[in-house]
Structures are given as structure tokens and as C-alpha cells.
Amino acid sequence: MSRKSHPLRVERLESRQLLAAYSLLDLGFPPGAESPRSYTYDINDQGWVAGHAAEASLWTPDAANAPTGSMTTLGTLGGMFSGAEAVNDQGQAVGWAYTTSGALNPALFDSGTVTNLNPAVASGVATDLNDDATLVVGYYDVYDSGLEEWESSAFLCDRGTFVELNEV
């Protein structure tokens, strides 16, 4: 069986220009991090990166989208660990944080303050937010003792009011 040879031709795939090459940047660890791992989940238009290495962390470039910068921990709700899942263009982040009782709650990290978005849930994560942090979305898990399993529910936190989206 022989293969027919076709001349190569260039086709325009899309109108935007993509970078010809990417490079990896080691963001390092926040000061005092004991974890040998770090994770990143989101980047905003200025190049701020949200993630965690034991505690929620925000990597901030020295200038917009610069390859140098610094890592800052964002705090917890009194527990040992937290994580940032998303960051908006104002530098506010959302994610999760453990409380002193061991509950995993959706959290907003803003200017050194960690806000528990719903203390009533036993396990939840905020996954995204808008640019002024008035709208936050995420999910939380509830244990159904009748079914003996965990069930997830989506939520919207609208200016501090927690709305379960599965009920809407």
C-alpha cells in the first residue's frame, strides 16, 4: 500500500496572534512554606497567579506580566490549610480555607482579610468571582445520611447572600 504525497500548505486557523513559544516560570514558594509542592489555578490580566502551597497564595509580578515577582500567603480561617482558586483584576481571590473546627469553607481573600462565605457548610469551595467580588460562584458538599453519600450543590454568593443554585 503506497501513500500519496501532498505538498504542504499554510492555512490561517484564527485571526488572533499566538505566541510562538512559551516558557515556564518557577514561582517558588511563599515564605515559610513547609509543603514540597505548590499549585496554581488562575491568572488575571496583570499576571497575578492564584494557588496554594499549604496556604492560599498570590504571586504578584513586579510589573504587569513581568517574569519576576513575589509570593504572598493569604491566610486561613483559623485552620491549617487554604487555597486560592481564582483571582480578579483587583487582586481579590476566592477559594477555600479550613476553620479551627476542621470544616472546609468557601473563602474570599481580600487585602489581608479572609472572609468565610458560608459558615453553615461543612465542605465547600469558591471557584470564581467577578471583578468587584460582588458575585462569587462555587460548590459545596452535603452528606445525605439516607443515601450514605456526599452530594454536591452549586452556589452563588451575591453581595454576601448565599444562594444554592440547585434549588433555583
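**Exercises: a salt bridge and a sheet**

At 63% relative accessibility, arginine 159 counts as exposed, since exposed means over 50%, buried under 20% and partly exposed in between (1.4 Å probe, protein chains only). This is a predicted model, where local features need pLDDT of at least 70, side-chain atom pairs count only at pLDDT 80 or more, and totals for chains, interfaces and linings use all residues. Residues are numbered from 1 along each chain as its sequence is written, and side-chain values use heavy atoms, leaving out hydrogens and water.

**Exercise 1.** Find which side chain meets arginine 159 in a salt bridge.

*Step 1.* Look for a side-chain nitrogen of Lys or Arg within 4 Å of a carboxyl oxygen of Asp or Glu.
*Step 2.* Check aspartate 158 itself: at 29% relative accessibility, it's partly exposed.
*Step 3.* Count up: the structure holds one salt bridge.

**Exercise 2.** Work out the strand order in the sheet and say why β1 and β4 each have a side without a neighbour.

*Step 1.* Strands here are DSSP runs (E, at least two residues), numbered from the N terminus, and two of them pair if DSSP finds at least two bridges between them.
*Step 2.* The open sheet goes β1-β2-β3-β4, with antiparallel pairing.
*Step 3.* β1 (39-43) and β4 (69-75) sit at the edges with a single partner strand each, so one side of each has no neighbour in the sheet.
*Step 4.* Zoom in on β1: four bridges join it to β2 (residues 49-53), and tyrosine 39 has histidine 52 in β2 as its bridge partner.
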